[in-house]
Amino acid sequence: MSTHAKRIFSGIQPTNGLTLGNYLGAMKRFVEIQEQDAEAIYCVVDLHAITQPQKRSDLLHNTRELTAAYLASGIDPSRSILFNQSGVAEHAELGWILGCTARVGWMNRMTQFKDKAGKNAEAVSLGLYSYPALMAADILLYHATHVPVGDDQKQHVELTRDIAMKFNNDFDAKDFFPIPEPLIDGPAPRVMSLRDASKKMSKSDPSDQSRINIRDDADTIVKKIKKATSDAEPLPSEEDGLKDRLAAKNLVSIYAALAGVSKADVLAEFGGQGFGVFKPKLAELAADSLAPISTKIAEYMDDPAEIDRILQDGAARARSIAAPILDQVYDIVGFLPRRK
Ligand code: AMP
Ligand code: TRP
């Protein structure tokens with residue numbers, strides 16, 4: 001067992017740019033957790049990114065830009081460990097071992113695989129299919145106890161719990177892997193598309209109008225919010241009134257999450273007003289919240305060598321936690337000791 005009562009691990013894929021969904025559902029929460037003085041490990045999951053084709057130059061750029069976004073959002077590499085996944089080879093090694101613990105029947109239930117593979121399931125990479133076993137390795141390699149994620153990752157964290165329990169049980173290893181808890185408690189665990197509020201806001205949606213990118217400029221943000229799907233009714237004064245109004249609920253949730261208030265607070269202020277009043281206020285809040293982050297990302301991106309240095313330093317610190325845990329896994333499984 002880890003000697004720490006609470007250890008946080010989470011990761012984001014360096015693909016495309018970050019959306020407001022990633023920011024509100026994940027990144028902003030990561031920063032809040034760091035402020036609560038928890039021991040936190042945050043990862044740029046580049047091994048996960050290559051489950052779908054990536055151009056070399058894009059992967060390099062996106063790895064650095066995501067790191068810049070972590071830093072710009074407030075992750076402090078002297079308090080949290082910030083690193084790229086491929087920098088700690090133990091992830092891939094434990095990923096293989098846990099792939100031998102996970103069952104094909106479990107993987108077949110993963111909805112994200114079905115969504116990503118679509119009708120093309122025979123032609124996608126084997127890595128896309130086995131990816132949740134690697135995600136389990138990311139978490140268990142650090143004996144992490146809590147995993148802050150957006151709602152779409154809940155099933156993968158539940159699978160991680162199943163893998164941990166089966167491993168502990170199969171190898172008679174008692175509570176060697178702690179059973180991690182998902183933390184899905186932010187105000188915006190599922191930010192929806194601005195175009196279709198029944199779909200989540202996603203980096204990979206073909207329509208750029210469906211999302212706000214963390215680096216969009218103020219003009220673009222204003223235009224996207226103006227065009228966002230809404231309805232003709234004024235906003236209700238109580239949350240109950242949002243029940244069957246997905247698009248309205250999404251915009252109110254975004255406002256609440258950005259302002260750091262509850263949806264009830266937003267409705268207390270805007271109840272009875274139409275979208276003609278609410279949307280410009282939301283656009284202003286979004287633009288004002290993201291502008292300083294964009295500026296800082298650009299500053300960090302001016303010095304890629306410094307970003308690389310931060311990641312390498314983070315990887316060394318991550319490895320100092322991961323290596324002894326993988327050593328124990330080798331011993332539990334019955335492999336000869338790893339080379340020191
Ligand atoms: P990804 O971009 O798929 O690597 O996701 C990184 C993190 O952002 C994960 O914790 C996701 O659950 C979270 N996330 C992605 N999209 C959204 C969204 N639309 N709303 C809330 N959280 C999200
Ligand atoms: N699968 C997550 C996503 O696509 C990213 C991820 C990889 C992750 N490893 C993780 C999240 C470990 C939390 C913990 O969003």
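Student: Quick one to start: is Leu-267 buried or exposed?
Tutor: Leu-267 is buried, because its relative accessible area is 1%, and the cut-off for buried is under 20%. Bear in mind that this is a predicted model.

Student: Okay, and where does Leu-267 lie?
Tutor: Leu-267 is part of helix α11, which covers residues 263-270.

Student: Which residues does Leu-267 touch, not counting those up to four places away in sequence?
Tutor: Leu-267 touches Leu-235, Pro-236, Ser-237, Glu-238, Glu-239, Leu-242 and Val-252.

Student: Let's zoom out. How many helices and strands does the chain have?
Tutor: There are 13 helices and five strands. The radius of gyration is 21 Å, close to the 20 Å from the globule rule for 340 residues, so the chain is as compact as a globular protein of that length.

Student: What box do the C-alpha atoms fill?
Tutor: Roughly 70 × 45 × 40 Å, along the principal axes.

Student: What share of the residues is buried?
Tutor: Buried residues are 51% of the 340 in the chain.

Student: Now the nonpolar core. Which residues in the largest one touch the most other members?
Tutor: Those are Leu-20, Leu-24, Tyr-42, Tyr-70 and Phe-278, in a core of 60 residues. Helix α12, residues 275-301, gives the largest share of this core, with 11 residues. Another core, of 45 residues, lies apart from it and includes Ile-97, Met-107, Phe-113 and Ala-315.

Student: Back to Leu-20: what is it in contact with, leaving aside neighbours within four places in sequence?
Tutor: Leu-20 is in contact with Val-191, Met-201, Ile-212, Ile-254, Leu-258 and Leu-290.

Student: Change of topic: what's the phi of His-143?
Tutor: His-143 has a positive phi, about 50°, and it is not a glycine. Most residues other than glycine have a negative phi. His-143 sits in the loop between α7 (126-140) and β4 (146-148), and it is buried, with a relative accessible area of 3%.

Student: And Asp-172, what about its phi?
Tutor: Asp-172 also isn't a glycine, and its phi is positive at about 55°. This residue is in the loop between α8 (154-170) and β5 (181-183).

Student: Is Asp-172 buried or exposed?
Tutor: Asp-172 is exposed, with a relative accessible area of 69%.

Student: Last one: how many positive and negative side chains are there?
Tutor: The chain has 41 positive and 46 negative ones, and the centres of the two sets are 4 Å apart.

Methods. Residues are numbered from 1 along each chain as its sequence is written. Chains are lettered from A and ligands numbered from 1 in the order in which they are written. This is a predicted model: local features need pLDDT of at least 70, side-chain atom pairs count only at pLDDT 80 or more; totals for chains, interfaces and linings use all residues. Side-chain values use heavy atoms; hydrogens and water are left out. Helices (H or I, at least four residues) and strands (E, at least two) are DSSP runs, numbered from the N terminus. The radius of gyration is taken over C-alpha atoms; the globule rule is 2.2 Å times the number of residues to the power 0.38. Buried means under 20% relative accessible area, exposed over 50%, partly exposed in between (1.4 Å probe, protein chains only). Lys and Arg count as positive and Asp and Glu as negative; His and the chain ends are not counted. The place of a charge is taken as NZ of Lys, CZ of Arg, CG of Asp or CD of Glu. A nonpolar core is a set of buried Ala, Val, Leu, Ile, Met, Phe, Trp, Tyr and Cys residues joined through side-chain atoms within 4.5 Å. Contact means heavy atoms within 4.5 Å.
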